[in-house]
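Let's take a friendly walk through the salt bridges of this protein. Please have the sequence and the model open beside you.

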Amino acid sequence: MTTTDAADAPDWEKRFRAPRVSLPDWAEDAPDRSLFVSNATGTYELYAWDRASGRQRQVTDRPNGTTDGVLTPGGEAVWWFSDTDGDEFGVWMRQPFGGGEDEPAAPGLAPSYPAGLAIGRDGSAVIGRSTDEDGTTVHLVRAPGAEPVEIYRHRESAGVGDLSHDGTLIALEHTEHGDAMHSALRVVRPDGSTVAELDDTEGGTKELGLSVLGFAPVAGDTRLLVGHQRRGRWEPMIWDPVAGTETPLPIDLPGDVGAEWYPDGSALLVEHEFEARSELWRYEPGAAAPVRVETPAGTVSGATARPDGTVEYLWSSAAQPPVVRSTSGAVVLDPPGAKAPPSVAVEDAWVEGPGGRIHALVQKPATGEGPFPTIFEIHGGPTWHDSDAFASGPAAWVDHGFAVVRVNYRGSTGYGRAWTDALKHRVGLIELEDIAAVREWSVKSGLADPERLVLAGGSWGGYLTLLGLGSQPDAWALGLAAVPVADYVTAYHDEMEALKAMDRTLLGGTPEEVPERFEASSPLTYVDAVRAPVYISAGVNDPRCPIRQVENYVDRLAARGAVHEVYRYDAGHGSLVVEERIKQVRLELEFALKHLGGGAVQGA
């Protein structure tokens with residue numbers, strides 16, 4: 001697209017094309033060396049940034065993009081994960097920070113799905129891997145090019161959490177107890193010997209999880225910051241696996257709380273998620289309470305404390321596009337080019353549901369009166385949540401006259417452990433009960449036109465879309481499912497091993513062990529009841545929602561002449577190419593407007 005064409009494009013396309021940057025990561029011992037992700041070329045790739053000189057350069061350049069990368073502690077090199085066309089199966093590569101040839105970072109390791117990475121100051125690396133054949137393995141590579149040494153192996157999912165400052169302790173998260181939703185922790189030496197265990201699951205009988213937040217960034221300090229759920233939500237505490245001590249922290253904030261260390265280990269940067277918005281706090285161990293770090297109202301998508309004590313954070317709201325800010329008042333990283341046009345602010349809706357109050361986020365067209373054609377844009381995960389953050393997809397629908405409703409159904413994060421953990425066994429059906437309650441509210445309130453209700457989503461949201469179209473056939477006028485689970489049994493057998501473990505946890509076993517649960521939760525079970533036109537998009541290399549199970553569902557639609565369209569693209573679980581993403585949204589808009597009425601797609 002030429003510069004003139006881009007200037008004449010509709011706002012919804014401009015939001016996708018506007019240059020974006022992630023929160024820059026920085027090398028622990030060389031803080032002027034940073035790494036970030038940007039779509040500056042039209043594809044999301046990794047970029048190195050020397051803050052001292054201001055020089056930026058593109059590290060990776062691949063047709064389907066690259067987003068997974070990390071700097072070595074001294075900033076000498078960038079490690080980045082090389083898969084094949086988005087299939088998430090590959091190897092770690094290593095490139096000098098200043099530029100040069102890529103080389104395999106651990107040439108003795110065969111391709112796998114990644115399961116965590118920690119790089120030491122002495123050139124060593126701890127690499128987590130996952131394969132269908134081996135489950136999870138963790139390997140120590142003592143120096144670049146050295147032969148990897150296996151230090152951990154288990155059939156269940158696990159991952160590398162962190163490596164201590166001096167490289168003598170390795171923190172692992174694991175689910176050896178069989179509950180993939182609630183990890184236990186183990187700290188080991190580089191030879192694989194166990195130093196200490198922390199397990200809140202009581203062998204899988206108690207549903208409390210733990211997570212690794214990071215070792216103290218100080219030489220000789222064995223404290224490990226961990227997340228726990230002992231009080232019904234995620235919050236941090238300090239565990240010293242060598243001393244055997246646990247230190248609860250008086251951070252009494254509602255919702256979920258995470259944290260990371262300040263660079264000198266003297267304080268914690270606290271990230272607080274509550275009711276679809278987030279904020280930052282500073283807590284000094286031993287203090288009575290944290291102190292607020294001022295940020296605008298909206299969502300902080302990531303934050304980091306710098307050596308000078310300032311905090312950098314990536315902020316946005318539903319109305320305002322993202323920007324990397326600093327508590328010093330400066331914009332940290334402002335990519336050149338046209339800025340994304342703003343959208344409309346989000347409104348909160350609270351609806352009584354069968355499992356408690358449901359939080360939904362609503363955006364309405366700036367002009368016109370309801371009831372509006374309304375799209376229920378359902379988030380993936382399921383352990384995720386929609387927030388007051390900028391999103392180009394929903395904004396595109398608002399531009400075309402639709403109201404957008406996003407539901408934080410049971411299973412969503414940010415509303416306490418009980419809400420997140422409510423999905424067991426009646427998977428999919430529970431979420432749809434909450435969506436149905438919000439749908440009823442939207443009609444009764446005058447927001448939504450009951451004849452023009454669209455159910456849509458990607459990944460788990462795509463799964464819920466197909467399940468909803470079949471199990472609630474009278475409720476929806478149209479469905480749009482991106483990279484969905486469509487045939488749960490086939491999806492289980494074809495997906496990556498870590499997701500098999502999650503499905504066994506959610507449904508209580510394998511398809512052979514609990515066939516009735518898989519049947520009740522599978523969209524394929526209800527496909528013959530689908531009456532609304534349905535649009536499906538899928539990546540042919542998707543390891544999470546593999547293509548074969550999508551084809552099984554499509555074949556059933558086609559066999560009875562159901563109204564449907566399918567778009568297959570050469571990538572994995574979504575696309576990192578801007579024009580491809582615009583194409584997908586345009587196709588969804590065209591399908592919806594064709595079947596619901598409402599004019600043409602802007603810019604088509």
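## A buried glutamate

Glu13 has a relative accessibility of 3%, so this residue counts as buried (buried means under 20% relative accessible area, exposed over 50%, and partly exposed in between, with a 1.4 Å probe and protein chains only). Its salt-bridge partner is Arg17, with 2.9 Å between the closest N and O atoms; a salt bridge here is a side-chain nitrogen of Lys or Arg within 4 Å of a carboxyl oxygen of Asp or Glu. Both residues sit in helix α2 (residues 11-17), 4 residues apart, or about one turn of the helix.

## About the model

This is a predicted model, in which local features need pLDDT of at least 70 and side-chain atom pairs count only at pLDDT 80 or more, while totals for chains, interfaces and linings use all residues. Residues are numbered from 1 along each chain as its sequence is written, and side-chain values use heavy atoms, leaving out hydrogens and water.

## Links across the sequence

Searching the whole structure gives 44 salt bridges. One of them joins Arg51 and Glu312, at 2.9 Å from N to O. Arg51 belongs to the loop between β3 (45-50) and β4 (55-58) and Glu312 to strand β26 (residues 311-316), so their contact ties together parts 261 residues apart in sequence. Helices (H or I, at least four residues) and strands (E, at least two) are DSSP runs, numbered from the N terminus. Both Arg51 and Glu312 are buried.

Arg504 and Glu156 are both buried.
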